[in-house]
Amino acid sequence: MFTFILGGSASGKSAFAERMAAALPGPRYYIATMQPFDRECELRIARHRAQRAGLGFSTVECPMGLEKLSLPRRGTVLLECVGNLTANEMFSPQGAGDGAAEAVLRGVFHLLPQCAHLIAVGNEVFCGGADYDPSTLRYLQQMALINRGLAARADRAVEVSAGIPIFHKGAGR
């Protein structure tokens with residue numbers, strides 16, 4: 001079962017995804033994509049670790065190159081988050097650059113056969129404005145391709161707004 005969860009910043013999407021994953025059989029893997037570039041990133045990582053403490057996740061750090069990842073056992077996987085993964089692929093010298101969308105989609109689809117359940121968390125980043133620099137526009141274009149690709153392939157597509165899940169595709173639980 002593949003579930004794609006989308007939401008804005010602080011929408012409750014991560015907590016919803018973690019509750020969903022914790023209710024599924026293990027083993028449970030949390031694929032963490034954020035790189036700790038600064039104190040704000042470090043605090044966000046610490047908050048997410050505390051939020052999922054006691055839920056039985058093994059954390060796998062994978063900021064890019066998801067298509068090379070092999071999990072030790074089939075289980076439930078929570079991929080957090082597609083937006084960070086995309087930025088890392090686009091802007092890191094070791095990343096895929098302008099081929100970020102293809103690399104991210106390949107990576108997620110590479111994970112699918114390794115999982116009993118895959119829950120991928122993405123960002124709704126399209127409501128913020130219109131006057132962006134060219135690199136931000138490229139990022140938004142890549143995210144649009146990825147979000148559409150993941151939603152099309154997912155068994156369930158869920159938007160979380162103000163902590164409330166809205167199921168656009170597949171059955172809600």
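Me: Where is the place of Gln114?
Reply: Gln114 sits in the loop between α4 (100-111) and β5 (115-123); helices (H or I, at least four residues) and strands (E, at least two) are DSSP runs, numbered from the N terminus. This is a predicted model, in which local features need pLDDT of at least 70, side-chain atom pairs count only at pLDDT 80 or more, and totals for chains, interfaces and linings use all residues. Residues are numbered from 1 along each chain as its sequence is written, and side-chain values use heavy atoms, with hydrogens and water left out.

Me: Is Gln114 buried or exposed?
Reply: Gln114 is buried, at a relative accessible area of 16%; buried means under 20%, exposed over 50% and partly exposed in between (1.4 Å probe, protein chains only).

Me: And which residues is Gln114 in contact with, leaving aside neighbours within four places in sequence?
Reply: They are Leu69, Ser70, Leu71, Arg73, Arg74 and Gly75, where contact means heavy atoms within 4.5 Å.

Me: Changing topic, which residues does a cis peptide bond join?
Reply: Glu80 and Cys81, with omega about 0°. Cys81 belongs to the loop between β4 (75-80) and α3.

Me: What about the phi of Ala10?
Reply: The phi of Ala10 is near 60°, a positive value in a residue other than glycine. Most residues other than glycine have a negative phi, and most peptide bonds are trans.

Me: Is Ala10 buried or exposed?
Reply: Ala10 is exposed, with a relative accessible area of 81%, and lies in the loop between β1 (2-7) and α1.
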